[in-house]
Amino acid sequence: MCSQRAVLRRDGFTFKQFFVAHDRCAMKVGTDGTLLGAWVPVANVKNVLDIGTGSGLLALMLAQRTPDHVTVDAVELDPAAAEQAAENAAGCKWSSRISVHCADIREWAQQATQRYSLIVSNPPFFTQGSDCASPERAQARYTTTLDHNALLSSAAQLITEDGFFCVIMPETSGTAFCELAKTQGWFVRYRTDIADNETRLPHRVMLALSSTDGEYFTERLIIRGPDQQYSEGYCSLTQDFYLFM
């Protein structure tokens, strides 16, 4: 636990080194995005692209995790979310390294002038289901505006030869996503299955894909131990971000 009580704002989420306002974003800061931002490999990264940045969470986390020469581009389709992401970026200590773009990634990819050594996305992963409270939330949750085929194609246009494309999604969607990725020339290089505890099946999976074949690493991450306290692995992964670690 943190040693002193922090004053927490109610319109967002306070991390150790930055604050993310998310009251104007359809999808709020959550465990999925935080896990992905803490997990993705950043060794030798030269630049970063965050597809569907939402509040800007992943962009800020990766700015924290990378050296000062690394730039981060964050692309978001929803204007209100893009505006808030830009405000969150402007308010952090790495503001000079983060650029937020309000655009459809499929169109943006056609005009991009550089490729990225790391691309991340916490993408929409549900097929159309029950109605959402707003069109913006439906856009963030469902693959109707950015299906997995379009996401993989856009990332393929923008990745460097030795770069990684990293995502998080429900474990039930992971196998189908990997098979689709293979048809587009991607190779799965890292996979982490996430379970609430030792007795439950994984409910999320994090994947790192590359356009270059190589060694394949897999592991399992348990969020809570038998005592319902956060596991050693979870704490080790997220301790640089959560106030309570």
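A nonpolar core is taken here as a set of buried Ala, Val, Leu, Ile, Met, Phe, Trp, Tyr and Cys residues joined through side-chain atoms within 4.5 Å. The structure is a predicted model. Its largest nonpolar core has 39 residues. Within this core, Phe 15, Phe 18, Leu 36, Val 40, Ile 98, Leu 118 and Cys 166 touch the most other members. Several elements each supply at least two residues: helix 1, helix 2 (57–65), strand 4 (71–76), strand 6 (116–121), strand 7 (159–170) and strand 9 (204–210). Helix 2 gives the most, with 7 residues.

Leu 118 illustrates the packing. Not counting residues up to four places away in sequence, Leu 118 touches Val 40, Pro 41, Val 42, Val 45, Asn 47, Val 48, Leu 49, Leu 62, Phe 164 and Cys 166. Another core lies apart from the largest one and has 27 residues. Among its members are Leu 49, Ala 103, Ala 109 and Val 167.

Helix 1 spans residues 31–39 and is mostly covered. Of its 9 residues, 8 are buried. These are Asp 32, Gly 33, Thr 34, Leu 35, Leu 36, Gly 37, Ala 38 and Trp 39.

Charged pairs were examined next. The structure holds 8 salt bridges. One of them joins the side chains of Asp 68 and Arg 97, at 3.9 Å from N to O. Asp 68 sits in the loop between helix 2 and strand 4, and Arg 97 in the loop between helix 3 (79–90) and strand 5 (98–102), so the bridge ties together parts 29 residues apart in sequence. Arg 97 has 7% and counts as buried, because buried means under 20%.

A second bridge connects Arg 191 and Glu 171, with the closest N and O atoms 3.6 Å apart. This pair also links distant parts of the chain: Arg 191 belongs to strand 8 (residues 187–195) and Glu 171 to helix 7 (residues 171–183), 20 residues apart. Arg 191 is buried, at 13% relative accessible area. Glu 171 is partly exposed, at 24%. Both residues belong to a network of salt bridges that includes Asp 193.

A further bridge pairs the side chains of Arg 200 and Asp 196, at 3.5 Å from N to O. Arg 200 is partly exposed, with 49% relative accessibility. Asp 196 is likewise partly exposed, with 30%.

Conventions:
Residues are numbered from 1 along each chain as its sequence is written. This is a predicted model: local features need pLDDT of at least 70, side-chain atom pairs count only at pLDDT 80 or more; totals for chains, interfaces and linings use all residues. Side-chain values use heavy atoms; hydrogens and water are left out. Buried means under 20% relative accessible area, exposed over 50%, partly exposed in between (1.4 Å probe, protein chains only). Helices (H or I, at least four residues) and strands (E, at least two) are DSSP runs, numbered from the N terminus. Contact means heavy atoms within 4.5 Å. A salt bridge is a side-chain nitrogen of Lys or Arg within 4 Å of a carboxyl oxygen of Asp or Glu.
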